[in-house]
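Subject: Structure handover

Hello,

Here is the structure you will be working with. My notes on it follow below.

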Amino acid sequence: MPLSPDQIKDALRTVQDPDLHKDLVTLNMVKETRSEGTDVFITIELTTPACPMKDKIKGGIELAINAKASEHGEKLGAINIEFTADVRPLNEKMQDKQSPLPQVKHVIAVGAGKGGVGKSTVAVTLATGLARFGAKVGLLDGDIYGPSLPTMLGLESLQGQQTQGNMLLPFEVHGIKTMTIGKLVDPEKALIWRGPMAHGAFKQLATQTEWGSLDYLIVDLPPGTGDVPLTLTQLLPLSGAVIVCTPQKVAQDDARRAVRMFQQLGVNILGVVENMSYFVGDDGKEYNIFGRGGAEHMASGMNLPFLGSLPIHMKLRENSDAGTPLANWNVSDDISEKLDGLCKNLASQISIATLSGQYVQPTLSVT
Ligand code: ADP
């Protein structure tokens, strides 16, 4: 006799999600269990296509099914496990009622204390990397004072802005949808915007772009603690913020201020990324120019998740100037592993915040 769907489900009650420390049945991740002859078929729904724990979960399931079959003295054929992904919004009710973008499941801000630390590079990496894993992703250039996305995404050669009614149509490039002020106004002019104008421009870009349904909308913020992060938290329910930092002390100090600003606004910090962590020379030797590990140390000191690090590499700068972000995955195995790691760790922090209901609705309490 084959294992029954209930027996298979029973076995899955013994398999834990390694991040969430609860079993797959309790987490409502088991979508289907059935047998055909001695073969077993299981469908597991993950909370993100970029799930870093997929292989561990698969291994756990195989062990549990084998144990169940021998407990019942059943012969077992193949174990077929299919993974699907349903990125769950942080808070469905709030998204429906309060977000001007109800079809966007997660809005993630990418900020930094200082300019030039690689905030836009990391925002582009997270957006294109999550899309490579199969998620629907948008990237909003919120750096209205110095938009980098036209260059980094190679938008310069594209036709001007398309509209539909009073909505802007995003550019669709490298597997993502994107919008930037840099394609709407002369970038020289964007630089001189102040207070209320900046607020208005950002609001329009965010809410009058036809994003459609998205799993993640990544927002590349201007550096520092100015008007745009405030506008963003007032405007959209944020799943959280990612802080980019280089290892040196002066960058850490400013990053710490950015973290405190988000925390003051009630925004969950999803994690810290250390960029320009070290340099690999032609001799293969690693040079810790800025003091590798500094940002990681800051994250642990502030009790924040660390999402990973990226080395300085000439190809990363070249691909950024050439507007070809996907080419970053061809630089080296080590770098693609690091790029994927950042995306998986971010997705996993979002899943943890979603499933554990850790989310706090932003409240403004700026003093
Ligand atoms: P920010 O958004 O913080 O101002 P950018 O992402 O625009 O910083 O990066 C500044 C410059 O540094 C860009 O030319 C970018 O290509 C380059 N850069 C950023 N990170 C790296 C890296 N890890 N390796 C090489 N160049 C990098």
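A polar contact here is a pair of N or O atoms within 3.5 Å; within protein, one atom must be able to donate a hydrogen and the other to accept it, and residues adjacent in sequence count only if both atoms are side-chain atoms. The model is predicted, so local features need pLDDT of at least 70 and side-chain atom pairs count only at pLDDT 80 or more, while totals for chains, interfaces and linings use all residues. Residues are numbered from 1 along each chain as its sequence is written, and side-chain values use heavy atoms, with hydrogens and water left out.

Ligand

The ligand is surrounded by 16 residues, the closest being G116, K119, S120, T121 and P311; a residue counts as near a molecule or strand if one of its heavy atoms lies within 4 Å of it. A polar backbone atom of S120 is 2.8 Å from an oxygen atom of the ligand. For K119, too, a polar backbone atom is 2.8 Å from an oxygen atom of the ligand. At P311 the ligand atom is a nitrogen, 2.8 Å from a backbone N or O atom of that residue.

Contact means heavy atoms within 4.5 Å. Neighbours within four places in sequence aside, P222 is in contact with K119, G142, D143, Y145 and V228. P222 is found in the loop between β10 and α8 (227-235). Helices (H or I, at least four residues) and strands (E, at least two) are DSSP runs, numbered from the N terminus. P222 has a relative accessible area of 6% and is buried; buried means under 20% relative accessible area, exposed over 50%, and partly exposed in between (1.4 Å probe, protein chains only). From P222 to P147 the C-alpha distance is 8.5 Å, although the two are 75 residues apart in sequence.

Salt bridges

Side chains of opposite charge can pair when their charged atoms come close. The whole structure has 17 salt bridges, a salt bridge being a side-chain nitrogen of Lys or Arg within 4 Å of a carboxyl oxygen of Asp or Glu.

K105 pairs with D215, with 3.5 Å between the closest N and O atoms. K105 lies in strand β4 (residues 104-112) and D215 in strand β10 (residues 214-220), so this bridge ties together parts that are 110 residues apart in sequence. K105 is partly exposed at 22% relative accessibility, whereas D215 is buried at 8%.

K114 and D254 form a salt bridge of 3.0 Å, N to O. Here the loop between β4 and α4 (119-132), which holds K114, is tied to helix α9 (residues 249-264), which holds D254, so the parts joined are 140 residues apart in sequence. K114 is partly exposed at 31%, and D254 is buried at 17%.

R13 is partly exposed at 45% relative accessibility, as is D10 at 36%.

A buried lysine without a salt bridge

K183 is in the loop between β9 (176-180) and α6 (187-190). K183 is buried but has no salt bridge, and the nearest side chain of opposite charge, that of E156, is 7.9 Å away. For charge, Lys and Arg count as positive and Asp and Glu as negative, while His and the chain ends are not counted. A polar atom of the K183 side chain does lie 3.0 Å from the backbone oxygen of L158. Leaving out residues up to four places away in sequence, K183 touches L155, E156, L158, Q159, Q161 and F171.

Cysteines

There are zero disulfides in the structure, a disulfide being a pair of cysteine sulfur atoms within 2.5 Å. The sulfur of C51 is too far from its closest cysteine sulfur for a bond, because C343 holds that sulfur 14 Å away. C51 is buried at 13% relative accessible area, and C343 is buried at 0%.

Backbone angles

Two residues other than glycine have a positive phi: H174, near 50 degrees, and M276, at about 55 degrees. H174 sits in the loop between β8 (171-173) and β9, and M276 in strand β12 (residues 269-280). H174 is partly exposed at 24% relative accessibility, and M276 is partly exposed at 24%.

Regards
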